[in-house]
Amino acid sequence: MKEPSQKKEKQFLQGNVISAYAALNAGATNFFGYPITPSSEIFETWVELTGDPDKPHKSPITNEPIGYLQLEDEMASGFAVTGACLAGKKAFTATAGPGNILMQDAFSAAEALRIPTVALIVQRGGLSTSTVIYSQEEVTLTCFGGNGEGFRIVYSPSGLQEVYNYTIKAFNTAWKYRYPTFVLSDGYQGKMQGEVVIKEMNKNFYTKPSPILLGENRKKGISTNMRNCYDQEEEMNEIINNYQKDFERDSLEIAESETYKAKDADVLIIAHGIVATAAKDAINSLRKEGMKIGLWRPITLRPLDRHSLLKNISHKKQIIYVESALGQMARLINDEIVSGLFKRSTDTDTARNNFKKNTQIREMFRPAIGITPEEIVKFVQNNE
Amino acid sequence: MSLQNTLKQNINKTQQLQPILPECVNLSTKPHSFCPGCGHPIVLNALGSVIDKLGIKNETVFLIDIGCSLLAWNYFDVDTTQTHHGRTIPVATGFKRANPNSIVIAYLGDGGGYAIGLQHLIHATLRNEAITTIIVNNLNYGMTGGQMAPTTISDQPETTTAPLGRDRKYHGNPINGPEMLNNLGIENQFIARSAVNNPIQLQMTIQRAIMHQIDNKGFSFVEALSYCPTNWKTNAQETIQSLEKFKKYYPNFEDTHKIK
Ligand SMILES: Cc1ncc(C[n+]2csc(CCOP(=O)(O)OP(=O)(O)O)c2C)c(N)n1
Ligand code: SF4
């Protein structure tokens, strides 16, 4: 059987294999899934890690036997994850594209019942079955899928080491704050091989899962009775408002972003995921030519790191959105600018006018196709 | 006698007339919100009696669908959650796989089990998941106002989406759940149909199904043929007569050959 070596030195591994190792080292014990390219190696690696299902290997973190189940479809897989989480296990799934669509049924249930499901999404092309290769077109679906308000956590890792680190983190934030949590990667990062350090989890960040049903209350003789269907408008309204309050409060701790050479920049690229790594290369080339250019990258697409965003976009001559989609990330950012910079300001109109007068916004949208540093350099330079 | 005393006496009388409910029933949420004459509470009380008798309240999770089964979300003092329409069996599967010592009961309507969630029911049977599934068959979609269900039969003109009754050429054929699952031919499963007009037998059937799970023998399944006077548009007598009529299509069923 394959076992992730805990050696500290760099190993050469595939992105999807790295995700499965991260789940194991985060203390995950149960995988439920349905195969779909380009995510399947996560499932297959987990199967190898489990070994003989009758004598499964144990979690290095919890010492419990680990396991998996291939179900009849993604609805079953998603809901089985909710079931295992209710039983107090760090359970997860992996999927892409049309599978992500079917699983939204379960993720919206998880949102309603505050069940900490973890889903590793490896984005393939947008538009239904589409390509099995790559895009960044599952941003809206992953952040806001379901008939809810998007009380979810969505990490967008950039590079293989981050795929590892943020997958571990996802399990711990999920259980700490009790929101369905996603690691939104993509076909490139899932399939590519590269160097990564498989570290043990920092125990300080470990959140121990506990049963939601048949838990502490049951031992005290108190039953837990949950539902996500209500008959009064007021009742539903109150629950959503309370969730919103929780989410706003927790967002301050959850939201993460990265800046790269942004401090003195006149031009700010905003990009996420693998596109941000291309943007950094482009920025290095352009800086050599004397251009003051930097990057702001949302690490969590949901919730967005509002404070850092608003700080970094002020006094910029130009903001360039770069993404492998027709503005799915840009919409999230624009929303935040409208609500954060304009609405919250004491003088909304002046704030809006100042921003619009001083800052040019440009869009480099390349749906369902990879973006190279050279293409970004060219786009930045050709500003008519 | 003063009016007050008369009232007091009457109250005492009604209290004496209260049905004896299983101990695991949560009295603070009663009266329940099912329609008068509904079959669901009969199934639930049968299940509650089994939970009492086997003393399994602290190990049992009760998972319910959306449909009138939702109304059971706080029926018991037993850990419970409701889930989306048709998805109760996967939730039960995930729970049981993660906690094999628990006793997991999935409780659904015939729409949840035989239409929108049928693939889950069949695959849970094929995988021989060690859960107990109870499907309450009232021959229609109760909660949404009496539309045609997969169990609606030809001479049942009450449903709103097949007002003249099921036309087999147009609407297709109804489903016989337990018989179908039995035909999958998996050994050592408990698959049965019972009806709410014989609560004692229904209770015995549910008990055998749950014992099957406790003994770790694999999948167990009970369909409970049930009353829905609201959507059948029947008075008490007609409700009972209708059920008798429906029993011809959905007879009691139990194939013990498979149990080793
Ligand atoms: C995905 C989805 N589709 C449709 C519905 C609407 N709906 C709620 S209950 C129900 C049918 C319930 O019928 P059944 O499962 O037979 O249970 P009963 O109410 O008769 O007990 C439907 C269609 C829903 N809640 N979710
Ligand atoms: S609609 Fe039918 S099944 Fe639903 S509560 Fe009323 S009688 Fe019972």
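A:Lys261 sits in the loop that connects strand S10 (257-260) to strand S11 (267-270) of chain A. Helices (H or I, at least four residues) and strands (E, at least two) are DSSP runs, numbered from the N terminus. Phi of A:Lys261 is near 50°, a positive value in a residue other than glycine. The model is predicted: local features need pLDDT of at least 70, side-chain atom pairs count only at pLDDT 80 or more, and totals for chains, interfaces and linings use all residues. Residues are numbered from 1 along each chain as its sequence is written, chains are lettered from A and ligands numbered from 1 in the order in which they are written, and side-chain values use heavy atoms, with hydrogens and water left out.

Two cis peptide bonds can be described next. One joins A:Arg302 and A:Pro303, with omega about -10°. A:Pro303 belongs to the loop between strand S13 (300-302) and helix H11 (306-313) of chain A. A cis peptide bond also joins B:Lys30 and B:Pro31, where omega is about 5°. B:Pro31 lies in the loop between helix H1 (3-17) and helix H2 (40-54) of chain B.

The interface between the chains comes next. The size of an interface is often given as the accessible area lost when the parts come together. Here, chain A and chain B bury about 2,800 Å² between them. Carbon and sulfur atoms give 57% of that area. Buried area is the accessible area (1.4 Å probe) that two parts lose on being put together, summed over both. A:Glu72, A:Leu214 and A:Arg218 supply 23% of the area that chain A buries against chain B, more than any other three residues. The contact (heavy atoms within 4.5 Å) takes 34 residues from chain A and 34 residues from chain B.

Polar and charged pairs also cross the interface. The rule finds 18 residue pairs in polar contact between chain A and chain B, both residues at pLDDT 80 or more. A polar contact is a pair of N or O atoms within 3.5 Å; within protein, one must be able to donate a hydrogen and the other to accept it, and residues adjacent in sequence count only if both atoms are side-chain atoms. Four salt bridges are counted between chain A and chain B. A salt bridge is a side-chain nitrogen of Lys or Arg within 4 Å of a carboxyl oxygen of Asp or Glu. One of them links the side chains of B:Asp77 and A:Arg218 (3.8 Å, N to O).

Several elements of chain A give two or more residues to the side that touches chain B: strand S2 (30-33), strand S3 (67-70), helix H3 (74-86), helix H4 (97-113) and strand S9 (225-226). H3(A) gives the most, with eight residues. The residues on this side of chain A divide into 17 nonpolar, 11 polar and six charged. Ala, Val, Leu, Ile, Met, Phe, Trp, Tyr, Cys and Pro count as nonpolar, Asp, Glu, Lys and Arg as charged, and the others, Gly among them, as polar.

Over all chains, the count comes to 28 salt bridges. In one, the closest N and O atoms of A:Glu111 and A:Arg152 are 2.7 Å apart. This pair links distant parts of the chain, 41 residues apart. A:Glu111 is in helix H4 of chain A, and A:Arg152 is in the loop between helix H5 (139-144) and strand S6 (153-155) of chain A.

Eight strands form an open sheet in the order S9(A)-S2(B)-S1(B)-S3(B)-S4(B)-S8(B)-S7(B)-S9(B), with mixed pairing. Two strands pair if DSSP finds at least two bridges between them. The edge strands, each pairing on one side only, are S9 of chain A and strand S9 (253-254) of chain B. S9(A) runs parallel to strand S2 (residues 79-82) of chain B, joined by two bridges. A:Met226 has B:Thr81 as its bridge partner in S2(B). Strand S7 (residues 190-195) and strand S8 (residues 220-225) of chain B also run parallel, joined by six bridges.

The ligands complete the picture. Of the 16 residues around ligand 1, B:Cys68, B:Gly111, B:Gly112, B:Asn138 and B:Gly142 come nearest. A residue is near a molecule or strand if one of its heavy atoms lies within 4 Å of it. A backbone N or O atom of B:Gly111 lies 2.8 Å from an oxygen atom of ligand 1. For B:Gly112, the corresponding distance is 2.9 Å. Around ligand 2, the shell divides into six nonpolar, five polar and no charged residues. Helix H9 (residues 229-232) of chain B gives the largest share of this shell, three residues.
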